[in-house]
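Hi everyone, thanks for coming. Let me put the sequence and the structure up on the screen, and then we can walk through a few parts together.

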Amino acid sequence: MPDDVKNPDDSGTETSFGFARVSETARQGLVNEVFSKVASRYDLMNDLMSGGLHRLWKADLVTALAPPKSDVPFALIDVAGGTGDVASRFLDAAGAGSSATICDISKEMMEEGKRRAKGRERLSFVQGNAESLPFEDRRFDAYTIAFGIRNVTHIDAALAEAYRVLKPGSRFLCLEFSSVEMPLLDRVYDAYSFNAIPALGRLVAGDAESYRYLVESIRRFPSQERFAEMIQDAGFERVRYRNLSGGIAAIHSGWRL
């Protein structure tokens, strides 16, 4: 069982923070500190970790969501999407009836998102925890989360909340760094991740440790198959995943039926 998943048979007092073991109560604060440091350089962070491919992957995510082009109301919740990249892409692709709510626990990330989205209509920001969303049941028509779910303390709780706030017939979509499934590429990517990314983080952002945690958090994240099982366990049906760039990332999807 991944360390990020609470085991009901243990005390639940420790969990993973990258490769380190920390108390559950301390973990969220440590994660928040990481993102407060990288908020203004969030795109740079993802550029370093994906070789710039995250921009294409996010476009794939929005294409998979297939936003409606009509004036009929359609509400998206984008969790851990503080800088507004996915939500803005969604609104650009959607019709006039669509709206997006960004929910992020990091005030700094949302401040960056508000700065970027200044003047954009049909976009709102709400501070909140993915494990306890501040919204009523069955409110949204779609849920997206990109590069965020591996940073929550209890993935199962976040998935349960995703299910709760979605209307019946709505879709869950998650874009996340994943397990490379191509021989040789996995070794090349590991070497780059553990050596080059922290060094580049130090060089361009003066912060190697935050980037080291982010690399380690990818390796602690469940495999594609295991994560798909977790989505099913949360109640979603027709769960699928599609690898991107040999499994460097993957898009998981499921329906609340």
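Let's start with a question: at roughly what angle do the axes of helix H2 and helix H3 cross? Keep in mind as you look that this is a predicted model. The answer is roughly 100°, and the two axes, of residues 42-50 for H2 and residues 54-65 for H3, come within 9 Å. Angles of 65 to 115 degrees count as roughly perpendicular, so H2 is roughly perpendicular to H3.

Who makes that contact? On the H2 side you'll find Tyr42, Asp43, Asn46, Asp47 and Ser50, and on the H3 side His54, Arg55, Trp57 and Lys58. Sorted by class, that gives four charged, three polar and two nonpolar residues.

Now hold on to Trp57 and Lys58, please. Both are touched by Leu175, whose contacts away from its sequence neighbours also include Leu61, Ile145, Phe147 and Ile251.

Leu175 brings us to the largest nonpolar core, which has 45 residues. Within that core, Phe35 and Leu175 touch the most other members. Helix H8, residues 208-220, supplies the largest share, with five residues. Apart from this core lies another one, of 28 residues, including Val152, Leu159, Ala228 and Ile231.

Last, how far can we trust the picture? The mean pLDDT of the chain is 88, and 91% of its residues reach 70 or more. Over residues 1-11, though, the pLDDT is below 50. That stretch does have 22 contacts in the model beyond near neighbours in sequence. Where pLDDT is low, the predicted coordinates should not be read in detail.

Methods
Residues are numbered from 1 along each chain as its sequence is written. This is a predicted model: local features need pLDDT of at least 70, side-chain atom pairs count only at pLDDT 80 or more; totals for chains, interfaces and linings use all residues. Side-chain values use heavy atoms; hydrogens and water are left out. A nonpolar core is a set of buried Ala, Val, Leu, Ile, Met, Phe, Trp, Tyr and Cys residues joined through side-chain atoms within 4.5 Å. Buried means under 20% relative accessible area, exposed over 50%, partly exposed in between (1.4 Å probe, protein chains only). Helices (H or I, at least four residues) and strands (E, at least two) are DSSP runs, numbered from the N terminus. Contact means heavy atoms within 4.5 Å. Axes are lines fitted to C-alpha atoms, for helices over the stretch in contact, and angles run from 0 to 180 degrees between N-to-C directions. Angles under 35 degrees count as roughly parallel, over 145 as roughly antiparallel, 65 to 115 as roughly perpendicular and the rest as oblique. Ala, Val, Leu, Ile, Met, Phe, Trp, Tyr, Cys and Pro count as nonpolar, Asp, Glu, Lys and Arg as charged, and the others, Gly among them, as polar. pLDDT is the predictor's confidence in each residue, from 0 to 100. Lists of a residue's contacts leave out its neighbours within four places in sequence.
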